Amino acid sequence: MPELTAEVERLSLVIEIGDMPVRVHTTDSQFLSLLQDRYAGFVTSTQQAEIEFDVDLTPPRVADPYAPVRVTQRRGRWTLERGDFRAEWEPALRTGWIRQTANPYSIDAVLRIVHTLVLARQGGFLVHSASAIRNGKALLFAGVSEAGKTTISRLAPPDVTLLTDEISYVRKQDPGYVAYGTPFTGELAKLGENVSAPIFALYLLAKGPENRIAPIAPGEAARSLLANLLFFAEDEELVQSIFHAAFDFVSRVPVSRLTFVPDARVWELIG
C-alpha cells in the first residue's frame with residue numbers, strides 16, 4: 001500500500017518597509033502570528049512582493065550572541081550568516097531562504113541586511129539614527145550608543161511623528177532624500193509609524209550643559225554619517241556606492257551638531 005504523505009499548509013505574509021514589500025513563507029502558524037505582532041503596522045495586504053523568503057525553522061540551540069555577521073556574494077547569490085541564522089538570497093530570481101529558530105530577532109537582522117543591499121544600489125542607506133516628522137519634514141538624529149537617540153525620541157512633543165528611535169531608512173529621491181518609518185526599535189521599544197517625508201536636516205547628537213545647534217563642514221559631516229551607517233557586505237562595488245551616497249547626502253541635506261540637555265526644551269530649537 002503506498003505511503004500517504006500529508007501536505008503541509010504554506011502560510012505567508014508581506015512585510016513592507018521603505019516601500020519595498022518582502023513576502024515571508026512559513027509552515028508554522030505560531031511563527032506567522034509572531035511575525036504579525038512583531039511587524040504590526042508594516043504588514044500589508046498587497047499581493048506583489050519584490051523579494052520572497054522561505055523560512056525553515058530549526059530546533060532551539062545555543063548561539064553566540066556576539067558572532068559576527070558575514071555577508072558575501074558569489075555568482076549573483078548572497079549568503080548571510082550569523083550565529084543564530086543562515087540565509088541565501090538571489091536578486092535575479094527575487095527569492096531566497098532563511099534557516100533560523102522561531103524568534104523575531106534573526107529575521108529582523110536578515111531584513112535589515114537585505115534592505116541595505118538594495119538601498120546601496122539606489123543611493124540610499126540605513127543609519128543608526130532616530131528620525132521623526134514635524135511640519136511635513138523629516139529630521140534625523142544620528143549618534144553612537146548613548147548619544148541620545150532614544151532620549152530625543154522620548155522628549156518629542158505631540159506634533160511630532162516618530163519614524164524610529166534606532167535605525168532610520170533613507171531613500172534617494174531627487175532633488176533630496178526621503179526618510180521612512182521602520183519597525184527597527186531601540187530602547188524605546190516602540191515601532192515607528194509607517195509613513196515617510198522629505199529629509200529637512202540631519203543632527204549629530206551630543207549631550208551637554210546647554211541646548212545649541214552648530215553647523216558642520218561637509219567633510220566632517222560625511223565622516224560622521226559614514227561612522228553611523230549600517231553595512232555588512234564584503235563587496236567593493238557596494239562599499240563604494242555607500243561612500244558616494246554619504247557624500248551626496250551631506251551635499252544636499254544640512255548637517256549640524258545638536259548639543260542638548262535631556263529635557264523637552266530642546267525641541268524648541270528643532271524643525
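**Reading pockets, a sheet and a buried glutamate**

Author: This is a predicted model. Start with the lining of the second largest pocket: it divides into one nonpolar, five polar and five charged residues.

Reader: Which residues line the second largest pocket?

Author: Read a lining as a list, then look for runs in sequence. Here the list includes Ser 145, Glu 146, Ala 147, Gly 148, Lys 149, Thr 150 and Thr 151. Glu 166, Gly 186, Glu 187 and Lys 207 complete the lining.

Reader: Which helix gives the largest share of that lining?

Author: Helix H3, residues 149-154, with three residues.

Reader: What is the volume of the second largest pocket, and what is that of the largest?

Author: The second largest pocket has about 170 Å³. The largest pocket has about 300 Å³. Of the 14 residues lining the largest pocket, the closest to its centre are Arg 82, Asp 108, Ala 109, Arg 112 and Ile 167.

Reader: How do the residues of the largest pocket's lining divide by type?

Author: Into eight nonpolar, two polar and four charged.

Reader: Where does the largest share of the largest pocket's lining come from?

Author: From helix H2, residues 104-122, which supplies five residues.

Reader: How do S5 and S6 run, parallel or antiparallel?

Author: Antiparallel, with five bridges joining S5 to strand S6, residues 77-82.

Reader: Is Glu 88 buried or exposed?

Author: Compare the relative accessibility with the cut-off. Buried means under 20%. Glu 88 is at 14%, so Glu 88 counts as buried.

Reader: Which side chain makes a polar contact with the side chain of Glu 88?

Author: That of Arg 77, at 3.5 Å.

Reader: What else does Glu 88 touch?

Author: Leave out residues up to four places away in sequence. Glu 88 then touches Phe 53, Trp 78, Thr 79, Gly 96 and Trp 97, as well as Arg 77.

Notes: Residues numbered from 1 in each chain as written. Predicted model: local features only at pLDDT ≥ 70, side-chain atom pairs only at ≥ 80, totals over all residues. Heavy atoms only, no water. 1 Å grid on protein atoms, 1.4 Å probe; cavity = no way out; pocket = protein on both sides within 12 Å on 5 of 7 lines; lining within 4 Å. Points joined across faces, edges and corners; volume = space filled by probe spheres on them. Helix = DSSP H or I, 4+ residues; strand = E, 2+ residues; numbered from the N terminus. Nonpolar A, V, L, I, M, F, W, Y, C, P; charged D, E, K, R; others polar. Buried < 20%, exposed > 50% of the residue type's maximum accessible area, 1.4 Å probe, protein only. Polar contact = N/O pair within 3.5 Å; in protein donor to acceptor, adjacent residues only side chain to side chain. Contact = heavy atoms within 4.5 Å. Pairing = 2+ DSSP bridges.
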